[in-house]
Amino acid sequence: MEAITETTAPEAAALELTEQAIIGAMFIDARSIPEILAAITAEDFQHDKYRRLFEAARDLFTSGATVDPVTIVNRAGGDLMDLAFTCMNNTPTAANVGAYCAELHQGAALRHLQTAALSVATAPTLAAALDQMDAAAGVAATAKHLAGRKPAFAPYDVGEYLAAGRFETDIAYFKKYSQRKTGFANIDSYLTLYPGLAALGGSASLGKTTFAVNLADNLAAAGETVLYFAMEQEPVELITKSLARRLYLKDPFSHINNIDIKNGASSAALEDVKREYAATVADRFVIVRCNFTTTAEDIQAYVEGYISRTGRRPVVFVDYLQLVAPPAGFRGDIRLATDHIVKTFKAMQVSNELLVILISNFNRASYTSPVSYEAFKETGMIEFTCDYVWGLQLSALEDDEFYTAAGRQNGKETTVKAKKDALYEAAKKDPKEVEFVSLKSRNGRQAYKCFFKYFMSHDHFSPDLDSPHDRESLPAGFRNLAPGENDAAPFDELPLE
């Protein structure tokens, strides 16, 4: 099928001048390059010759190399030298580059929309046309967003802002979400889920997906719509988690667990749970199966298409971050790719007023250490861009067993092997004792810890309000004391606060 790639002659001439001005700005003022790279991609260019110069400048900049007309042309190809001089001569200033980028981006959105419309109009069968319409819906939503997107800078005159009543309008926006909670009593005493970008990290096999499904289930049961993008697990695996958990909550003595359900076990109670799940949650809990080529831009198009079709603003889960692919043609190392993906999700979150939760794996070096920003893989963008940063870890990391007697005196930790052995024993427990750690929250208390029992066979996280690892809940005189350093009664005999 022939895509629409060419415009009418007047439009093409204007578009070429825009592309020329953007490249000229990169040549005459390298300080404009970060703003340009944040606003457009190579795919926004219609003309290949300007696209090649853009890609050369982008690659040099992201690799930390010198960026000037000579290095750009050498990388792009010597045949573009005359074009480079034309771009520089026709661009007297880089001051208007933001407007040029917006114009180019919107032109690209129009071409994509025209191509999508053509694919529907020329589809050979009704079924093919319907498939093309589904794909076009996401393109249309993205194009609509681009056409009405806000400028890169929006200065506020504080006096005018207050006098015009916009402060009250913005406060009403937060009040709208003041009752949105996680459904976990211990976390909800600290946290309200305002719109924002969240990262939930943890080491492998600690239950990140199960915790996320628990949270999604709670939100859907409370009336929220959830879009859950599954990058790794099949939808049946996630649905089984929800059913096993609900069956356990309905009957804690049930002998049917998640493995039994996968193996075809059935009971009257399970059938009741399935009917209840379908009637109360299923229409608001949408699982989207992805593959290893799914990009953040694909997810953004789907989300915006869903909003356009349904009028609902969902809570979005992406499970998980490290499996999201960079866009086609992206050049850069894994850190730059992850930074790009996180920024794309943040832009999607802001422009659509969403709560977006990214599931992230921790790097291996952090498996035996308490949750920290360093544990999040490959990127500092999570620390700076996310509104919420959470981590899951085994509660055993709070234990004094991680310090030898001599080590406590010297302030040094035990050997890595000893820590791994202790964590291995902790991981064998059922229920597993897990700690939820908040590192960052823009709205509410920033740093806090909540403890859970993780019933793995039933895919259920239950708040553990009497966790022996919770030092903060002990009377002040007994906090953070190592075993043998006082004559107090054992933990379970201490009076409650």
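In which helix is Ile171 found? Ile171 is found in helix 9, where helices (H or I, at least four residues) and strands (E, at least two) are DSSP runs numbered from the N terminus. The model is predicted, so that local features need pLDDT of at least 70 and side-chain atom pairs count only at pLDDT 80 or more, whereas totals for chains, interfaces and linings use all residues. Residues are numbered from 1 along each chain as its sequence is written, and side-chain values use heavy atoms, with hydrogens and water left out.

The chain holds 19 helices and nine strands. Of its 497 residues, 46% count as buried (buried, under 20% relative accessible area; exposed, over 50%; partly exposed, in between; 1.4 Å probe, protein chains only). The accessible surface of the chain comes to about 24,800 Å², and 55% of this belongs to carbon and sulfur atoms; areas come from the Shrake-Rupley method with a 1.4 Å probe, and for residues only the protein chains shown count as cover. Among contacts (heavy atoms within 4.5 Å) between residues at least 6 apart in sequence, 71% join residues at least 24 apart.

The nine strands of an open sheet follow the order 3-2-4-5-1-6-7-8-9, with mixed pairing; two strands pair if DSSP finds at least two bridges between them. Strand 3 (285–289) and strand 9 (460–463) stand at the edges with a single partner strand each, so one side of each lacks a neighbour in the sheet. From one strand to the next, the twist averages 25° (axes are lines fitted to C-alpha atoms, for helices over the stretch in contact, and angles run from 0 to 180 degrees between N-to-C directions).

Strand 7 is mostly covered, 10 of its 10 residues being buried. Its antiparallel pairing with strand 6 comprises seven bridges, and Leu392 stands opposite Phe436 of strand 7. Seven bridges also join strand 7 to strand 8 in the antiparallel sense, with Val437 opposite Lys449 in strand 8. The hairpin of strand 7 and strand 8 has six residues between the strands, and Gly444 takes a positive phi near 120° there. Strand 8 (residues 448–455) and strand 9 run antiparallel and are joined by four bridges; the bridge partner of Phe455 is His460 in strand 9. Helix 12 (residues 235–250) packs on the sheet, touching strand 2, strand 3, strand 8 and strand 9, and its direction makes about 150° with that of strand 3.

Salt bridges (a side-chain nitrogen of Lys or Arg within 4 Å of a carboxyl oxygen of Asp or Glu) number 21. Glu234 and Arg289 form one, with the closest N and O atoms 3.0 Å apart. This pair links distant parts of the chain, Glu234 in the loop between strand 2 and helix 12 and Arg289 in strand 3, 55 residues apart. Arg442 and Asp387 meet in another salt bridge, at 2.6 Å from N to O. Because Arg442 lies in the loop between strand 7 and strand 8 and Asp387 in the loop between helix 17 (381–385) and strand 6, the pair ties together parts that are 55 residues apart in sequence. Arg442 is partly exposed at 45% relative accessibility, whereas Asp387 is buried at 9%.

On the surface, Val158, Leu162, Phe167 and Ile171 form a nonpolar patch with about 350 Å² of accessible area together. Patches are made of residues with over 30% relative accessible area and no salt bridge, like charges being joined within 9 Å and nonpolar side chains (Val, Leu, Ile, Met, Phe, Trp, Tyr) within 5 Å. Helix 8 (158–163) and helix 9 (166–175) each supply at least two residues of the nonpolar patch. Ile171 counts as partly exposed because its relative accessibility is 36%.
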